[in-house]
Amino acid sequence: MAVYPITEPPGRLGVITAYLMIYVVWGSTYYFIGTALQGFPPFLLGGMRFCTAGLLLLLAGRARGEDIFRGPLVRKSAVSGIILLFVDMAVVMLAQQYLSSSLVAIIASSTAIWIIALDVPMWRRNFRSISVLAGIAAGFLGVGLLFAEQLGREEGGGQGAHGILLLVFGCVSWALGTLYAKYRSCAEEAVKEVPASAWLSLLYLVLFGSVLAYTSYIWLLKVRPAAEVGTHAYVNPLVAVVLGCAAGGEGMTWARMAGLFVILGSIALVRRTPPEDSAGKGRALSPAAAMAYRKGISCRESEK
């Protein structure tokens, strides 16, 4: 994905709208994935969703006169797309065959912890706080609690535990793809009769989950810190749990509630990291200085 120099600060309304997309819309996609899986096999669903969304975005870019087939742009987009979407979303759709949408969303919220843990350029800032270290440990504890619950369930033949392990792998992949986009981007399946609800869910996933929410996510990574953008993990599981219980009739156990609060609490601890000034101690950059810094990085990346 190409990185273009940022010449002016982003508008407040644009930032709010983009956060609304990744907070609420992405939180609802877990429910709609579960509904769409009632009519489509997981890989076919993912292929139809992202190929359609990608084609729409390519057409939109071409209509704006953008040179969308430049070598560096294609290479970087391919890397971030494979890590960020192909691996993670394939894992989510596979795991959701064995787990409820609300449980998938709760575990996926730990992505914010992985972003902090794997953001090497920010280690000096992030890991100087005890709360960050405590938050990461608590996040892993929350995932472990949910994993233990699945191991203790007799039904499913252990598939629930396998689903959680798949999701953890997907969380790591999404975190790596997010950081790559932040720093480096200037088998046959049988199709059964597909109910109307599955088609409508697919349409929602394409237009809202991929075209609008994903482009909002990538744009926010250009203008806001990766750790801040990763706070969508606060809201996504809450939206997914409410929607899954209200519309999908999914149950909520005490272990799942405890896992949710432990993971969200760990994210809150991580987010308490104090900002860093130019000397590395304690004061946040002004908006103008922050924009100049991002513009400098963007310009350097665009020269690569």
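Predicted model: local features only at pLDDT ≥ 70, side-chain atom pairs only at ≥ 80, totals over all residues.
Ground rules first. Numbering starts at 1 along each chain as its sequence is written, and side-chain values use heavy atoms, without hydrogens or water. Local features need pLDDT of at least 70, side-chain atom pairs need 80 or more, and totals for chains, interfaces and linings take every residue.

Start with the largest cavity. It holds about 290 Å³ of space. A cavity here is a set of points on a 1 Å grid over the protein atoms alone, where a 1.4 Å probe fits but cannot get out. Lining residues have an atom within 4 Å of a point. There are 24 of them, and Trp26, Tyr30, Asp88, Met89 and Trp174 are the closest to the centre. By class, the lining has 15 nonpolar, seven polar and two charged residues. Tyr and Trp count as nonpolar, Gly as polar, and Asp, Glu, Lys and Arg as charged.

Now α8 and α9. Helices are DSSP runs of H or I, at least four residues. The two axes come within 9 Å and cross at roughly 55 degrees. The crossing is right-handed. On α8, the contact uses Trp174, Thr178, Ala181 and Lys182. On α9, Tyr217, Ile218 and Leu221 take part. Contact means heavy atoms within 4.5 Å.

Last, α1 and α9. Their axes are 8 Å apart, at an angle of about 150 degrees. They are therefore roughly antiparallel. This crossing is left-handed. The contact has 21 nonpolar, eight polar and no charged residues.

Methods. 1 Å grid on protein atoms, 1.4 Å probe; cavity = no way out; pocket = protein on both sides within 12 Å on 5 of 7 lines; lining within 4 Å. Points joined across faces, edges and corners; volume = space filled by probe spheres on them. Axes fitted to C-alpha atoms, helices over the stretch in contact; angles between N-to-C directions. Helix = DSSP H or I, 4+ residues; strand = E, 2+ residues; numbered from the N terminus. Left-handed = near helix turned anticlockwise from the far one by under 90°. Parallel < 35°, antiparallel > 145°, perpendicular 65-115°, else oblique.
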